[in-house]
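Biologist: I am new to this structure and would like to learn how to read it. Could we walk through the features together?

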Amino acid sequence: MSGTSTADERLQVLEAITDTALGHLGQDLVVAKILARVREVLGVDTATVLRHDPDARQLQAIAASGIEEEVFQDVRIAVGAGFAGRVAADRRPVILDHVDETTVVNTLLQERGLRTLLGVPMVAGDELIGVLHVGSVTSREFSEADVELLRLVAARLALALQIENSATDRAAAAALQRSLLPGRLPVVAGMEFSARYVPGTEPGVGGDWYDLFPLPGDRLGIVMGDVAGHGLNAAVIMGRLRSALRAYALESDDPAEVLSKLDRKVQHFEPGTLATVVYGLVTASRDKVAISLAGHLPPVLAAPDRPSAFVDVPVDPPIGVTGPRRRRTVVDLPPGGSLVFYTDGLVERRDQLIDLGLQRLVDVVTPEQPGVVCARVMAALVGATPAQDDIALLAARRIPA
């Protein structure tokens, strides 16, 4: 086939990238089929798709035709380095008329004997999705028509990969979050619990979580937290915070010290992360709870024969924010008393002040069985309106004598 594509040949590729018959194939097979047709029409020997990882600022080979070893060997190129890196950094087509160590960093391109390369960025909206490039083992010139054809293919692949990335991230984040939330609340002598978790309608799963765990000495840890952000990254960070907090809780009986260690860990290993957390430690006698707040909304305390109220606990900076020494407050938990922990998605609404949601919450919390309390709270604050943000709710009650 000639080196420069004709109008009829270009039409074949257009049919390939819009062919609804490809819809029954998996994403990998669709991309492989498109790359094979691109090779045929452009008369090239190789075609490769590299996906952009914005966190690592790298390109990773995820599909190839004629040079499959790029995928098999997990080729990764830094944005700005070599041929593909330059395409990604400049976001414009690049043509190479010679391939050697001065123009490419991927030695597989040299080993394959390629002499000419054409690469175009894969962009969806303002987002760089990756790079598509083709190569020839003979010297040749790529025409403007060739470049435009490859850009068209790149746009189609970018959209497909963006959709796939989004769906994969959502599914992975949701699965990770489900796996980290307690499947069953623990059975603890002298205490009873109930919880609710509702994903928000905003795109992407958030980083809300709650946790209950027994500790040595018949004590009990209660956690409610909210990682800033949405999507898989927030869910991953949430999992790390959950595990780290549990580990620190085994080392210290002071919630303020536990949150201080968690903050130090986050600022060292994951700078830029921001999370609000409340950690409560229930004594073996169940009559007291030591509480520390890291930027989180205070729990509600409901006890027999007294009005429900927010626990009077000082609010320290969120996890990830440097501030003064963190503080601990010890709260009495009388027989039949309940503590209700929650995330801001329960009380915040775009069309009203948060104070209204907080007042409504304290008005409906009572020292009844936790299941009844959670049902009443959700009915009053959520009702028939879908939550915009994730909602986590946990009620813990000291069983009456």
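This is a predicted model: local features need pLDDT of at least 70, side-chain atom pairs count only at pLDDT 80 or more; totals for chains, interfaces and linings use all residues.

Biologist: Which strand pairs with β9, and in which sense?

Modeller: Two strands pair if DSSP finds at least two bridges between them. Here β9 and strand β10 (residues 275-282) are antiparallel partners over 8 bridges. To find the pairing on screen, look for V227, which stands opposite A275 in β10.

Biologist: What is the order of the strands in the open sheet?

Modeller: The order is β7-β17-β16-β12-β13, 5 strands with antiparallel pairing. At the edges are β7 (191-198) and β13 (309-310), each pairing on one side only. Inside that order, strand β12 (residues 300-302) is joined to strand β16 (residues 338-342) by 3 bridges, and the two run antiparallel. A302 is opposite S338 in β16.

Biologist: How do I read a nonpolar core, and which residues have the most contacts inside the largest one?

Modeller: A nonpolar core is a set of buried Ala, Val, Leu, Ile, Met, Phe, Trp, Tyr and Cys residues joined through side-chain atoms within 4.5 Å. The largest has 49 residues, and L245 and Y279 have the most contacts inside it. Helix α7 (residues 232-251) supplies the largest share of this core, 8 residues. A second, separate core has 27 residues, including V44 and F142.

Biologist: How is a pair of aromatic rings described?

Modeller: By the distance of the centres and the angle of the planes. Rings of Phe, Tyr and Trp (its six-membered ring) pair if their centres lie within 6.5 Å; planes under 30 degrees apart count as stacked, over 60 as edge-to-face and the rest as tilted. This structure holds 1 aromatic pair. The ring centres of F213 and Y279 are 6.3 Å apart and the planes are at 25°, so the pair is stacked. F213 lies in strand β8 (residues 206-215) and Y279 in strand β10, so the pair ties together parts that are 66 residues apart in sequence. Both F213 and Y279 are buried.

Biologist: Where is R286, and is this residue buried or exposed?

Modeller: R286 sits in the loop between β10 and β11 (288-294). With 4% relative accessibility, R286 counts as buried. R286 also has a positive phi of about 65° although it is not a glycine. D74 has a positive phi too, of about 55°, and is not a glycine either. D74 lies in the loop between α3 (69-72) and β3 (76-78), and is partly exposed, with a relative accessible area of 33%.

Biologist: Which domains does the chain have?

Modeller: Domain bounds come from an automatic or database domain assignment. For this chain, that assignment gives domain 1 (4-173) and domain 2 (181-398). Their centres, taken over C-alpha atoms, are separated by 47 Å.

Technical notes: Residues are numbered from 1 along each chain as its sequence is written. Side-chain values use heavy atoms; hydrogens and water are left out. Helices (H or I, at least four residues) and strands (E, at least two) are DSSP runs, numbered from the N terminus. Buried means under 20% relative accessible area, exposed over 50%, partly exposed in between (1.4 Å probe, protein chains only).
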